[in-house]
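Hi everyone, thanks for making time for this. Please have a look at the sequence and the fold on the screen, and then I'll walk you through them.

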Amino acid sequence: MMEFNCVQFLQNKTILVTGATGFLAKVFVEKILRVQPNVKKLYLVVRASDSEAAMKRLRAEVFEKDLFKVLRENIGEENLNTLFSEKVVPVAGDISTDCFGVKDSNLRERMQKEIDIVVNVAATTNFDERYDVGLGINTFGALNVLNFAKKCVKAQLLLHVSTAYVCGEKSGLLREKPFAMEEIRNEAGHQLDINFEMELMKKRLKELHDQDCSDEDITLSMKELGMESMLITRAKLHGWPNTYVFTKSMGEMLIGNHRESLPLVIIRPTMITSTLSEPFPGWIEGLRTVDSVIVAYGKGVLKCFLVDVNSVCDMIPVDMVANAMITATATHAGGSGVHMVYHVGSSHQNPVTFGEIHEISVRYFTKSPLRSRNGSLIAVSKVRLISTMALFSLYMTLRFKLPLQLLKLIDIIYPWRSGDKYGDKNRKINMVMRLVELYEPYVLFKGIFDDRNTKSLCANQKEDETKTSKGSMFDFDPKGINWGDYLTSVHIPGLITHVLKK
């Protein structure tokens, strides 16, 4: 592997970043501007009507966030605004359309002449996303980004952010290898046909419009189509549990198949959590995967949960993912015939189980309880952890569904009672079961993500930093994480500060 220096590499580079308002993309952009203000240009693609609206959105959703406070303190507000105006070019676009739907031909031509690196972070991450939206962004959107990158005359690399869970529900040691479309066959021997999936979706969408269905009915039908295509066919035959990972896996297949001579690096992070150290510890935006469970427990509303306490919860701090992205870009840009895959996670080198996370959460909230709206301290107790879906369904039936039938009977006998208590409780139970079904593949996950490529990349980066005396400026080694300290001193306090209090 070639020697490199990430800071030097970023100097005078022009980089396109899609999905710029997303959690990971923000951290990636902040890191570049903080360590290398002499980057030439950052073209940031966001959904907006025009460039002015795009910049307004970037300022509100990216640059004015707490994430940029260290950079703001380092160089001052005025210099920061100058840096943004000189280095950042807002691009109003949508990756689900050709050339991102950029209407300004001069801007489009300038981008294609100047861009050195294309970084695709745009995605819809809803597990039960509408099938048309998932295909448009995660699958064919990825192909649109590739096709645009191939038109950039100076393009040295496409870095595509995927997810480690494109593996589906496989178990054991999961290798860092690209998808080959011809390998994906169902039990009858038929190869997965991505174009057929798109035509199926378009046909169904046309039928719904022809029937003059409401927007709400169309959304529901598109969600059902995506989940049907997988839960009835795809998951059973190929192992994909939801629309998100299915459409992301097809996106990987398309860009791998059509990349031609363009160097391609695919980053597959696991569950991304708050910053470990940069630009400061604990920054996070929104509740992410396991965070919903941690917060529900802290609020005293989580009494039971489906989880295998011995299953590994593969988490990785967001700043480590950004560091891995920059390092992989610096390493492979301009490389001949490159098609590399990197798992960026912790399960192989530094695993933590769901049981350990639960114990850590119990200790944290017992010592530092949250307060309710009236100011009283919320007492927490251990959650009933149930290890199989069958047992969880039985528990829900005995604990909630049977008493609910009695409530339904009371509503029938006494119809004049105020409120629909049966309906309200039934909706809540159905919502819980729906969430549990969506999370089931991950809380019972039996895979470990092999990361030998990432480990090699990390070792090479550390060796180079030693030579240049830069220290761990781009650290992404999961072995250095103490999960107890991270969760109690960084992550959970970060959730409280940046999510709950806002």
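So, in what order do the strands of the open sheet come? The order is S3-S2-S1-S4-S5-S7-S11, which makes 7 strands with parallel pairing. Two strands count as paired if DSSP finds at least two bridges between them. At the edges sit strand S3 (88-92) and strand S11 (339-344), each of which pairs on one side only. From one strand to the next, the twist averages 15 degrees.

Before going on, some housekeeping. This is a predicted model, in which local features need pLDDT of at least 70 and side-chain atom pairs count only at pLDDT 80 or more, while totals for chains, interfaces and linings use all residues. Residues are numbered from 1 along each chain as its sequence is written, and side-chain values use heavy atoms, with hydrogens and water left out.

Now the overall numbers. The protein has 17 helices and 13 strands; these are DSSP runs numbered from the N terminus, with helices being H or I of at least four residues and strands being E of at least two. Of its 502 residues, 55% count as buried, where buried means under 20% relative accessible area, exposed means over 50%, and partly exposed lies in between, with a 1.4 Å probe and protein chains only. If we take contacts between residues at least 6 apart in sequence, 82% of them join residues at least 24 apart; a contact here means heavy atoms within 4.5 Å. The protein exposes about 22,700 Å², and carbon and sulfur atoms supply 51% of that, by the Shrake-Rupley method with a 1.4 Å probe, where for residues only the protein chains shown count as cover.

Back to the sheet, and to strand S7 (residues 264-269). How many of its residues are buried? The count is 6 of 6. In a regular strand, side chains alternate between the two faces of the sheet. In S7 both faces are covered, with Leu264, Ile266 and Arg268 buried on one side and Val265, Ile267 and Pro269 buried on the other.

What about the neighbours of S7? S5 pairs with S7 in the parallel sense over 4 bridges, and histidine 160 has isoleucine 266 as its bridge partner in S7. S7 and S11 also run parallel, joined by 6 bridges. There, isoleucine 266 stands opposite valine 341, and proline 269 stands opposite valine 344. S11 itself has 5 of its 6 residues buried, so it is largely enclosed by the rest of the structure. One more pairing: strand S4 (residues 117-120) meets strand S5 (residues 157-161) in the parallel sense over 4 bridges, with valine 119 opposite leucine 159.

Finally, helix H7 (residues 131-151). Its 21 residues should span 30 Å at 1.5 Å a residue, and its end C-alpha atoms are 29 Å apart, which agrees; the expected span is 1.5 Å times one less than the number of residues. Why call H7 largely enclosed by the rest of the structure? Because 17 of its 21 residues are buried. H7 also has a kink of about 45 degrees, centred on glycine 141, the bend being the angle between axes fitted to the seven residues ending there and the seven starting there.

Glycine 134 also belongs to H7, and this residue is buried, with a relative accessible area of 0%. Leaving out residues up to four places away in sequence, glycine 134 touches Thr124, Glu129, Thr139 and Thr247. Glycine 134 and tyrosine 244 are 110 residues apart in sequence, yet 6.6 Å apart in space, C-alpha to C-alpha.

Technical notes:
Axes fitted to C-alpha atoms, helices over the stretch in contact; angles between N-to-C directions.
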